[in-house]
Amino acid sequence: MEVKEAREYVVEKLDYAFKPRTIAVIGASRNEKKVGFKVIQSLRNSGYKGIIYPVNLNATEVGGLKAYRSVKDIPGDVDLAFVALPAVGVFDALKECVAKGVKIAVVSSSGFKEVGNGDLQNEITEYCRENELPLIGPNLVGIGTPYFDFNCGFVPYLPNKGPVALISQSGSNLLAALGSSQIDHFGISMFVGLGNKADVDFCEVIKYADKEPHTKAIAVYIEALDSYEAFKKACLEVDKPITVIKVGASHIGVKAAFAHTASENRGHDNDSYDKLFEESGVIRERTWMEFLDTSLALGSMPPLEGDNVVMITNGGGAGLLACDQFERLGMPLHELKYISPSLREDIRKYMPAFGSPLNPVDISGTATSDMYGGALKIALEDENVDGVVVSVCPTAVTDVPAITQTVIAVYENYKGRRKPFIMECQGGFECREAIQKLRDKGIPAYATAEQAVNAMVALRRYAEIRSQKASLREAADL
């Protein structure tokens with residue numbers, strides 16, 4: 001159901017959803033295949049240190065924990081109620097939550113508006129709003145944060161700690177991002193599946209994420225927005241970068257989105273969403289990979305304040321791919337001689353005679369870690385250089401681990417200069433390991449030249465958005 005703007009009581013109570021001291025699992029089960037069992041298992045496996053209260057009408061114990069017939073029977077306060085019941089039992093459970101004084105509720109159950117049961121969903125939503133019990137869901141996969149050892153739902157594992165808050169309507173895409181976090185070290189600060197978002201809306205979680213201390217960027221997967229204005233107002237009021245991916249605008253996608261999360265897209269075309277996102281000061285991406293890549297860069301690096309980017313590589317092909325991608329995106333590379341008078345000769349000291357001091361700077365396939373380190377220092381020290389991309393292609397003489405360590409050391413020494421730095425490692429297992437290490441140290445690293453370029457251009461787009469935000473707020477009358 002639509003909200004006109006983010007409700008303050010919802011934003012405040014979201015802390016109980018992401019950092020609860022006590023959780024009631026309503027529909028807790030002794031059957032290991034049921035969601036009500038998996039929720040408790042996930043909480044324990046994640047290392048959650050709070051109190052878990054199983055609620056089961058027919059059991060006195062679940063998973064070695066004392067069980068209660070009703071949430072009202074729980075002796076202590078309840079911050080979060082996770083409801084894993086069939087749809088027909090959800091309303092009564094939420095009424096008991098209100099009677100108990102539960103702070104916030106998450107409903108994983110499906111069987112609501114997405115299957116034509118919209119009247120029940122709306123009735124529940126109106127009741128929760130009347131009683132100021134924020135409801136996340138229904139029809140969602142879970143919620144959590146690795147910084148609080150908290151994984152609540154049927155999510156198989158916590159993601160790696162990192163800077164990106166992930167807000168998703170889709171459970172499967174949320175799980176895909178969490179999997180990418182494990183494999184590719186895509187760092188996540190908090191995550192939530194909103195499902196049908198009957199009550200708690202994107203705008204409210206966005207405003208909460210803006211206050212969440214571990215979050216440096218906000219990534220939002222959208223199937224439909226109920227209120228353009230509430231979304232725009234929230235985005236313009238936050239200070240952290242936001243990237244979005246909006247799906248469900250194709251002919252068949254309109255039907256698929258409704259069947260998935262009851263998302264209504266009729267009359268909402270891509271052009272209207274493009275206009276909305278531009279007015280909201282957010283970056284829209286079209287593909288899932290771009291969405292993840294951009295959010296990682298925005299969460300890890302400062303904005304790119306100018307377009308004088310230097311690329312250092314040991315592979316001419318990677319440099320050419322990058323050149324073309326920069327130009328396709330409207331931010332062509334400049335030759336070193338046009339960036340800074342001495343840059344060309346200074347950087348030539350760290351390449352063989354047959355290297356190329358143009359831009360990209362090709363320090364050749366024989367480049368050592370010292371050559372990479374020296375060239376990178378020169379680029380970062382030059383006051384006319386706005387950002388740097390470093391590319392590594394493993395040859396028989398390339399020591400990828402040594403180069404990785406050198407790059408990390410240089411970055412640590414120079415990150416105070418607040419110049420964005422992106423790394424590309426194109427190759428096999430040694431490059432995957434390098435990407436993981438770099439990301440763990442806060443350096444956005446990617447497997448292809450195009451990904452690295454997309455990330456750097458996104459940082460430039462965000463710098464432009466920041467400079468325009470005051471006028472965007474004024475235009476929105478905020």
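Where is Pro360 found? In this predicted model, Pro360 sits in the loop between β16 (356-357) and β17 (361-362). Pro138 belongs to the loop between β7 (135-136) and β8. Most peptide bonds are trans, and most residues other than glycine have a negative phi.

Positive phi values were examined next. His185 is not a glycine, yet its phi is positive, at about 60°. His185 is placed in the loop between α5 (171-184) and β11 (188-193). With a relative accessible area of 16%, His185 is buried. Asp477, likewise a residue other than glycine, has a positive phi near 60°. Asp477 lies in the segment after α17. Its relative accessibility is 69%, so Asp477 counts as exposed.

Strand β8 also takes part in a sheet. This open sheet has 7 strands in the order β9-β8-β11-β10-β12-β13-β14. Its pairing is mixed. At the edges are β9 (150-153) and β14 (283-284), each of which pairs on one side only. Strands of a sheet pair through backbone hydrogen bonds, either parallel or antiparallel. Strand β8 (residues 142-145) and β9 run antiparallel and are joined by 4 bridges. Within this pairing, Gly142 has Gly153 of β9 as its bridge partner.

The largest nonpolar core holds 79 residues. Ile312, Phe326, Phe421 and Met423 touch the most other members. Helix α17 (residues 449-475) gives the most to this core, contributing 9 residues. Both domain 1 (8-298) and domain 2 (303-464) supply at least three residues each to this core. Another core, of 57 residues, lies apart from it; among its members are Val3, Ala6, Phe18 and Ile206.

Phe326 was followed in detail. Neighbours within four places in sequence are left aside here. Phe326 is then in contact with Val309, Met331, Pro332 and Leu333, and also with Val389, Val453, Met456 and Val457.

Asn314 is in the loop between β15 (309-313) and α11 (316-328). Its relative accessibility is 6%, so Asn314 counts as buried. The Asn314 side chain reaches the backbone oxygen of Cys393 at 2.8 Å. Beyond its neighbours within four places in sequence, Asn314 has contacts that include Asp362, Ser364, Gly365 and Ala367. Tyr372, Ser391, Val392, Cys393 and Thr398 are in contact with Asn314 as well.

A disulfide calls for two cysteine sulfur atoms within 2.5 Å. By this rule the count is 0 disulfides. For Cys152, the closest cysteine sulfur is that of Cys97, 13 Å away, and therefore too far for a bond. At 0% relative accessibility, Cys152 is buried. Cys431 is in no disulfide either; the nearest cysteine sulfur, in Cys425, is 5.2 Å away. Cys431 also counts as buried, at 0% relative accessibility.

Note on methods:
Residues are numbered from 1 along each chain as its sequence is written. This is a predicted model: local features need pLDDT of at least 70, side-chain atom pairs count only at pLDDT 80 or more; totals for chains, interfaces and linings use all residues. Side-chain values use heavy atoms; hydrogens and water are left out. Helices (H or I, at least four residues) and strands (E, at least two) are DSSP runs, numbered from the N terminus. Buried means under 20% relative accessible area, exposed over 50%, partly exposed in between (1.4 Å probe, protein chains only). A polar contact is a pair of N or O atoms within 3.5 Å; within protein, one must be able to donate a hydrogen and the other to accept it, and residues adjacent in sequence count only if both atoms are side-chain atoms. Contact means heavy atoms within 4.5 Å. Two strands pair if DSSP finds at least two bridges between them. A nonpolar core is a set of buried Ala, Val, Leu, Ile, Met, Phe, Trp, Tyr and Cys residues joined through side-chain atoms within 4.5 Å. Domain bounds come from an automatic or database domain assignment.
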